[in-house]
Structure formats: structure tokens, C-alpha cells
Amino acid sequence: MGDSPIQPDESRHGSEPPETGDARKDSQEGALNGPQGLSENDRWEMLHDLLVGPEEARIQELEQVPRAPRAKDVGDVLAEATRRSAQEGPELAEALAPTIEQGLMSSARKNPDDLAEAIYPVLGPAIRRSIQATLSAAVETLNVTLENSFSPKGLRWRMQAWRTGRPFAEVVLLHSLAYRVEQVFWIHKETSVLLSDVSGVEDSLRDPELISGMLAAIQDFVQDSFAGADEGALEQIEVSGFRVLMAQGPKAVLAVLVRGIPPESLSQNMHETLESLHRSFADELQEFDGDVGRFERAIPDLQGLLGQGAKVSEPGGTKKGQWLIAAVALVAVLLFAVDWIQDRNMNSKRSAALMALQEAPGYSVQGQVGDGDHQTWTGFRDPLAEPWSEVCAHSTEELDVDIQWTPFVSLEPEMVQRRAEYMLQPPFGVTLTTEHGSLTLEGEASSGWVHRALARASAVPGIGRVDASGLVDIDRRAIETHARSLDGLTLPFGAGAGRLDRGQPVVQARLSALKTLDERVQEYGGGLLRLHLRATLGRMDDFERGLSDRRLVEVQKALGRLGLGATVVEVLPAPESDDSRSPLSGVRIEIDTLLPKP
Amino acid sequence: MIRKKICLLGAFAVGKSSLVRRFVHSEYDDRYMTTVGVKVEKKECQVGDHQVSLVIWDLHGEDRWQEVRASYLRGTAGALLVADGTRIESLEVMAQLRKRLLEQNPDAHVVTLVNKMDREADFAITADEWRARVDWGPVVFTSARTGHGVEDAFQSLANHW
Ligand SMILES: Nc1nc2c(ncn2[C@@H]2O[C@H](COP(=O)(O)OP(=O)(O)O)[C@@H](O)[C@H]2O)c(=O)[nH]1
Ligand SMILES: [Mg+2]
């Protein structure tokens with residue numbers, strides 16, 4: 001029977017590497033073929049020494065007993081005896097285990113590096129191999145991508161590369177660097193049970209309970225293998241293109257799943273959050289019995305860690321800066337590489353599309369369900385947003401995703417501007433700007449447009465204030481100019497005449513000018529023309545004074561015949577004094593225009 | 001919602017992983033588990049009016065040479081102890097693992113399984129003898145192959161919470 005032997009003293013297991021408690025591994029072929037791939041016995045030489053050391057100590061003990069067999073005798077049969085005993089049952093293993101463990105423990109205490117080193121050679125080459133493979137794949141794919149990128153953005157980056165003398169690939173990487181905290185897990189340390197979690201991206205493929213279990217298992221593995229207690233606690237690991245940052249507290253662990261390269265401050269925030277959670281949930285953590293409902297209150301705190309980071313700033317010119325950039329770029333290539341192996345082309349295309357959608361105004365992806373083959377994305381799309389083809393480099397067919405957009409009105413600044421333009425349709429000559437919820441109109445436009453625009457402007461979603469002080473209504477201005485030019489005109493009467501000669505050209509022209517003005521006011525809508533009539537007397541014609549009333553009636557009649565729709569006529573008393581005498585005798589007309597304010 | 005870590009304990013090849021697979025049907029990628037030596041799976045059970053989410057730890061792959069580490073048992077609220085009905089020695093291993101679990105974790109609940117019931121004809125001792133030899137509690141006879149008793153076994157563990 002080949003089952004794992006039972007260790008009587010488990011308090012020591014926490015600091016043991018896997019499998020070392022099994023005494024039979026020395027004697028049985030394949031003993032080191034654990035799932036960790038520890039198949040190369042020679043790599044375990046050091047460990048072997050650790051195992052055999054305590055046996056020797058025991059042998060020395062035996063030697064000191066009177067009439068005990070000599071060391072040589074024991075040595076001769078020990079190997080064979082061990083082998084046989086192992087075939088028969090676990091007794092010898094059990095007998096030896098405490099001693100071996102003790103030796104191992106003290107050895108590990110004295111020089112913990114030995115243990116780490118013994119395991120490292122097995123892990124090291126595997127890691128290196130995979131990095132090498134993924135790196136070359138990534139560079140290849142990157143090159144292809146780069147060679148084919150002739151978008152305006154691509155050309156701009158090319159220019160920058162040319163200007164700064166830096167490889168194009170590096171420039172692209174710099175522009176693409178960003179990070180996003182996608183999921184936050186709060187894990188009970190002792191039971192490794194997930195207390196609470198939040199996600200910034202919906203992804204049914206990643207079950208938070210499994211991830212937290214996995215993280216706990218990895219954490220255990222590392223601690224069991226490399227050190228005791230908390231010293232060896234992992235702070236960061238990379239799993240399939242993600243980084244996992246972990247913060248350790250006395251009762252709970254906080255882990256975040258990050259895409260990209262997070263800033264130092266994230267880890268700081270995590271520790272602060274974890275401390276505050278330990279304070280707020282001191283009792284619940286102490287009494288934890290699996291009831292995770294009591295930790296829902298922590299969600300806002302966990303959400304505080306979600307979010308994404310800006311791109312790394314533009315490259316500087318110093319040598320040091322260049323090195324830094326090169327280093328960052330290398331890290332990015334590695335990230336890309338890991339991404340690639342895991343996700344292949346498709347997933348990177350999809351993440352690129354998601355990133356692009358996240359940034360594009362008027363798009364908001366809310367959900368992502370499905371598997372590696374086919375996915376359905378749901379979310380909101382403003383009908384005025386740029387079409388998909390402008391936003392994403394790949395079509396939905398290429399990405400093999402179904403998209404279900406729910407239309408919505410976005411209040412992103414770009415969309416507010418676009419919506420205002422769409423709703424108001426400013427004509428040539430008008431500039432429309434939106435900023436911080438206020439809309440400014442400047443320039444000249446027809447009264448029809450001005451009225452419509454002003455009626456609609458405040459109804460544009462996202463607009464709370466409208467400033468039209470710089471907007472000129474050209475129709476209104478034209479009417480006002482026209483009215484000013486006619487203001488004070490006189491309809492002349494012949495000397496001593498009481499009748500208006502409507503056949504006289506000047507009278508005809510002036511009456512028809514008034515008619516035109518009236519029509520324009522009518523067209524403007526809601527306006528009013530007020531004509532004030534006053535009789536004027538020629539210098540010599542004192543006797544005409546008696547004609548004034550008659551002349552005023554004549555003019556009123558003439559105006560009445562014009563059929564003025566927007567005009568009211570008022571008669572002013574004739575002046576008494578001589579100062580008001582004018583060169584012309586007749587009826588003078590003063591004009592007021594009253595146009596409604598928009 | 002209640003969440004509990006549970007684990008599977010038993011000798012090599014008694015069918016622990018097969019039982020989990022049968023119970024969970026999870027397609028979860030287990031690449032990392034191979035390195036770490038533990039596979040974590042999850043299953044939600046209805047107990048009365050509430051949900052119990054079992055986070056199931058299983059030593060992954062060939063555990064022949066793997067030590068049952070303290071961390072594997074730490075924080076475990078319950079365990080399925082598994083024996084192989086056709087192999088009498090798996091009883092002793094199960095008994096020792098149970099002792100070890102309860103030493104570390106006195107409050108842990110256990111459910112005892114004798115697996116491979118589909119091969120009852122090849123059983124080392126009869127089912128009744130199995131019942132008699134397991135002196136710490138009742139036995140659930142299961143078959144990961146046919147699914148017989150598997151739901152019941154997990155459910156009866158979940159019923160403790
Ligand atoms: N006939 C039969 N074979 C089983 C059953 N459960 C597991 N096995 C087989 O037993 C072997 C070991 O199973 P595995 O689940 O890997 O055992 P573990 O080492 O305890 O995880 C495999 O070949 C399984 O196909 C069962 O219920 N009936
Ligand atoms: Mg297994």
C-alpha cells in the first residue's frame with residue numbers, strides 16, 4: 001500500500017517542504033515524482049543530506065549503548081533494512097519521521113536558504129523556459145501588429161519614435177501601459193474562505209470563491225515550502241497575465257487582481273483598507289463561522305480599491321529616463337507575453353476592444369459572459385457615439401462576440417458637446433461650445449434658428465446654463481436697422497393742401513417702405529411697430545396750422561389702406577412753438593419697434 | 001450565505017478526486033493547482049432555508065507521495081473520509097487521517113465514505129463488515145463511477161451548517 005504516511009506530530013508540518021517527511025523516498029524508485037514535477041533526484045542532493053544527517057546521529061546514539069552493534073555493521077544493513085521495511089509497511093517511516101523532521105527543522109532553521117535552494121533549481125528552469133518561449137512569441141506578434149498599424153494614432157506614434165530616436169515598439173508600449181484593478185477579494189486567513197469580494201468587470205469565468213481558494217492554496221504552498229509563519233507570505237504573484245497583489249493581516253488577507261502595472265500606492269491603499277477592515281469587523285472576524293453575510297458591509301471599502309490607472313506619462317529625454325522606460329517596456333513585453341500564452345490572440349484582441357470601448361465616449365460595457373470561444377457583451381451605447389468601426393480595430397465578427405447595446409444618454413463631455421451640436425444644428429457662422437454643463441453660443445444666425453436654439457439649448461442633457469450673449473439674431477438686427485432708417489420720415493403735403501397726394505413718388509415710396517417694414521415685423525413673429533404721427537408746419541405757412549388735423553386724418557387713412565398687420569398708429573398733438581417748424585410741411589412719423597426677446 | 005472549507009481525506013486512489021469531479025462537474029482550469037498540489041472546487045448546497053457554499057480542497061493529481069500538510073487541514077470545517085471498498089488497508093489510512101484532522105481541528109465534522117460500491121462483488125469485506133469496522137459513525141456507500149450516494153455524502157456534510 002502506498003499511501004501517505006501519517007505524521008504523528010503535525011505542529012511541524014507547517015514548515016516542511018512537501019514530501020520530505022516521507023522516509024521511503026530514498027529507497028523507492030520514483031519517490032520524488034510528486035505533482036510538483038520534482039523528478040530529478042540529483043536536484044535533491046542537498047535535501048538528501050538533510051535527511052540522512054539525523055539518521056547518522058541516531059546511529060551514533062546506538063553506538064554509545066554497551067554491546068551495541070558497531071556503526072559499520074548497522075551501516076551495512078541499514079539501506080537494505082530500510083528498503084524492506086518500507087515494502088512491508090509504514091512503521092519504519094513513522095519511527096524515523098520525528099527524528100528526520102527534527103533534523104530537517106533545525107537544519108532549515110540554521111540555514112533556510114538550503115531548502116529554498118533545493119527547490120529553486122526545479123522551479124527556475126521551468127520559469128525561464130516559459131518566459132523565453134512567451135517572450136519570442138510576444139515580440140513576433142507585436143512586430144506584426146506594429147507593421148500593420150497605419151492608423152492616425154499609429155502614425156503619430158511613429159513620428160514620436162522618429163523624433164525621439166526610440167524604437168517604435170517602445171513608444172507603442174509606453175502609450176499602451178495602463179493598469180486596472182479588476183477584482184478585490186477579502187479572504188479569511190484561517191479558513192481561506194472568501195469573506196467578500198467586488199468586481200470591476202463582470203466575468204462569469206472567474207469564480208471569486210475559487211480564486212480565493214486558489215490564492216490561499218498558493219500562499220500555503222509558498223509558506224510551507226520556503227519559510228515558517230508570515231515571513232514568507234507572498235506579496236505579489238503573476239497568474240495568467242494578471243498580477244495578484246496581496247496584503248496580509250492577522251485575521252484576513254486582501255488580494256486584488258490587476259491587469260497591467262499597478263503603482264506603488266495601490267499596495268499602500270490595500271494595507272490601509274485591510275487595517276480599517278480589521279478594525280470595523282474585529283468581532284465578526286474573531287467569531288467567524290462561515291456566515292459571510294455579515295461581511296457585506298465591507299463592499300464599499302473594497303470598491304474603493306477598484307479602478308484603473310492613467311497611462312504612464314510621456315517619455316522624458318534623460319539617459320536615466322530612457323533606461324527606466326526600457327525597463328518598463330521590458331516588463332510590459334513580459335506582461336504581454338504572459339497574456340499571450342494564456343489568452344492567445346483572441347483574448348488580447350478582446351481586451352484591446354474592451355479597453356477601447358471603456359475609453360470611447362458614449363460606450364459603457366457592463367457585462368461579459370461566455371467562454372474563450374464565443375462571448376456576449378452587454379452594455380450601454382449612446383446612439384450618438386462613434387460607430388464601432390471608429391472605436392475598435394476589430395469587428396465583432398473578428399472578436400466573435402455578440403453585442404447587446406441598450407441605448408442611453410451619456411453625459412461624458414464629448415457626448416454632451418456632440419449631442420448639443422446634433423440637437424441645435426448650428427449654422428455656418430455660429431460656434432457652439434460646451435464646458436462644465438454650460439453651453440455658449442457665439443456668432444450670427446437667423447431669428448428662426450436663434451429661437452429654436454434657445455428653446456432647445458437648456459433641454460440638452462448635461463446642460464444647465466446657456467450663454468447666448470455673444471449670439472446675434474441677424475433678422476432682428478435687420479429690422480432694427482430698417483426701422484432706424486425710416487424713423488422721422490415725413491409725408492409731405494403740397495402748400496396749403498389738406499389732401500395727401502398718394503400719386504406723388506416720394507409719398508408712394510415712403511408708404512411702401514413702411515409696408516415692407518410692417519411685413520418684416522410680422523414675419524419676425526410677435527413683434528409690434530408703433531408709429532407716432534405729428535403734423536409739421538412749413539416755415540411760411542402759418543395758415544396751414546388749421547390744416548393739421550385734416551392732414552393727420554389723411555395720413556391715418558393712407559396707412560389704413562396699406563393694411564399694416566403689426567402696426568399701431570398714435571397721433572401726437574401738434575407743437576405750439578416755432579422751434580418745431582421743419583423745412584417740410586406735412587406729417588412726420590416716428591417709429592418704435594418692439595420685438596419680443598427670445 | 002455560509003461558506004465552508006472542506007477537504008477530502010483518504011488513501012491513494014480511493015477515488016477522492018473522482019468523487020469531487022462527480023459532485024461538482026467543474027470545468028475550472030486546474031493548471032495552477034498542479035503546481036500547488038491542491039485543487040480547489042466549489043459547490044453550493046441548499047440546507048433548509050439557506051445556502052451553504054462548500055469550498056472543496058482536494059489533493060491534486062497523484063497524491064501517493066504527497067504529504068497531507070497542516071495547511072491543507074487548517075481552517076477545515078469538515079471532511080469526507082474516503083476508503084476504497086476493495087482495499088481493506090484504506091480503512092486504516094482513513095482512521096489515521098481522521099485522528100490527525102480531529103487533533104488539529106476538534107470541531108471538524110466528518111462524513112465517512114466507502115467508495116467503489118459499483119464493485120461491491122470485489123469488496124475486501126462485506127458492506128456490513130465495513131459498517132462494523134468504522135467505529136466512529138455511520139458509513140455512506142458511494143460510487144464515483146455511477147454517482148450512487150455521492151450527492152448524499154456531500155449533502156450530509158453540508159447539513160451540519
Ligand atoms: N470502479 C470504480 N472506480 C473508481 C471509483 N472512483 C474512482 N475510481 C477509480 O479509481 C482510481 C483512482 O481515482 P482518483 O479519483 O484519482 O483517486 P484519488 O487518488 O483518491 O483522488 C481511478 O482509476 C478511478 O477511475 C468508483 O466509484 N468505482
Ligand atoms: Mg486525487
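Colleague: In the largest nonpolar core, which residues touch the most other members?

Modeller: A caution before the details: this is a predicted model. The largest nonpolar core holds 57 residues. The ones that touch the most other members are B:Leu9, B:Leu54, B:Ile56, B:Trp57 and B:Tyr72. Strand 3 of chain B, residues 50-59, gives the largest share of this core, with six residues.

Take B:Leu54 as a guide. Neighbours within four places in sequence are left aside here. Among its contacts are B:Lys4, B:Ile6 and B:Phe23. B:Leu54 also meets B:Glu41, B:Lys42, B:Lys43 and B:Cys45. Further contacts of B:Leu54 include B:Phe154, B:Ala158 and B:Trp161.

Strand 2 of chain B covers residues 38-47. This strand is mostly covered, with seven of its 10 residues buried. Strand 2 and strand 3 of chain B run antiparallel, and 10 bridges join them. One bridge pairs B:Lys42 with B:Val55 in strand 3 of chain B. Strands of a sheet pair through backbone hydrogen bonds, either parallel or antiparallel. The two strands of chain B form a hairpin, with two residues between them. B:Gly48 sits in the turn and has a positive phi of about 55°.

Next comes helix 6 of chain B, residues 150-158. Its buried residues include B:Phe154 and B:Ala158, and both of these touch B:Leu54. B:Val150, B:Ala153 and B:Leu157 are buried in helix 6 of chain B as well.

Another stop in chain B is B:Thr76. This residue lies in the loop between helix 3 (70-73) and strand 4 (78-84) of chain B. Is B:Thr76 buried or exposed? B:Thr76 has a relative accessible area of 2%, so it is buried. Its side chain reaches the backbone oxygen of B:Leu73 at 2.8 Å. Beyond four places in sequence, B:Thr76 touches B:Lys5, B:Ile6, B:Cys7, B:Leu101, B:Asn105 and B:Ala108. B:Ile6 links back to the guide residue, as B:Leu54 touches B:Ile6 too.

B:Asn105 is placed in the loop between helix 4 (89-104) and strand 5 (109-115) of chain B. B:Asn105 counts as buried because its relative accessibility is 16%, and the cut-off for buried is under 20%. Sequence neighbours within four places aside, B:Asn105 is in contact with B:Leu73, B:Gly75 and B:Thr76.

Apart from the 57-residue core lies another core, of 28 residues. Among its members are A:Ala483, A:Leu489, A:Leu529 and A:Ala566.

Chain A also has an open sheet of four strands, in the order 13-16-14-15, with mixed pairing. Its edge strands are strand 13 (489-492) and strand 15 (567-571) of chain A, and each pairs on one side only. Neighbouring strands of this sheet are turned by 25° against each other on average, direction ignored. Strand 14 of chain A, residues 528-536, pairs with strand 15 of chain A in the parallel sense over five bridges. A:Arg530 stands opposite A:Val568 in strand 15 of chain A.

Two helices lie across strands 13, 14, 15 and 16 of chain A. One is helix 17 of chain A (505-524), which runs at about 135° to strand 13 of chain A. The other is helix 18 of chain A (548-562), at about 150° to strand 14 of chain A.

Last, look at strand 10 of chain A. A:Thr434 is found in this strand. With 16% relative accessibility, A:Thr434 counts as buried. The side chains of A:Thr434 and A:Gln417 are joined by a polar contact of 2.6 Å. A:Thr434 and A:Val416 are 18 residues apart in sequence, and their C-alpha atoms are 7.2 Å apart in space.

The loops on either side hold a backbone detail. Most residues other than glycine have a negative phi, and most peptide bonds are trans. A:Gln425, in the loop between helix 14 (413-424) and strand 10 (430-435) of chain A, has a positive phi near 45°. A:His436 has a positive phi near 45° and is placed in the loop between strand 10 and strand 11 (438-445) of chain A. A:His436 is exposed, with a relative accessible area of 78%.

Technical notes:
Residues are numbered from 1 along each chain as its sequence is written. Chains are lettered from A and ligands numbered from 1 in the order in which they are written. This is a predicted model: local features need pLDDT of at least 70, side-chain atom pairs count only at pLDDT 80 or more; totals for chains, interfaces and linings use all residues. Side-chain values use heavy atoms; hydrogens and water are left out. Buried means under 20% relative accessible area, exposed over 50%, partly exposed in between (1.4 Å probe, protein chains only). A polar contact is a pair of N or O atoms within 3.5 Å; within protein, one must be able to donate a hydrogen and the other to accept it, and residues adjacent in sequence count only if both atoms are side-chain atoms. Contact means heavy atoms within 4.5 Å. Two strands pair if DSSP finds at least two bridges between them. Axes are lines fitted to C-alpha atoms, for helices over the stretch in contact, and angles run from 0 to 180 degrees between N-to-C directions. A nonpolar core is a set of buried Ala, Val, Leu, Ile, Met, Phe, Trp, Tyr and Cys residues joined through side-chain atoms within 4.5 Å.
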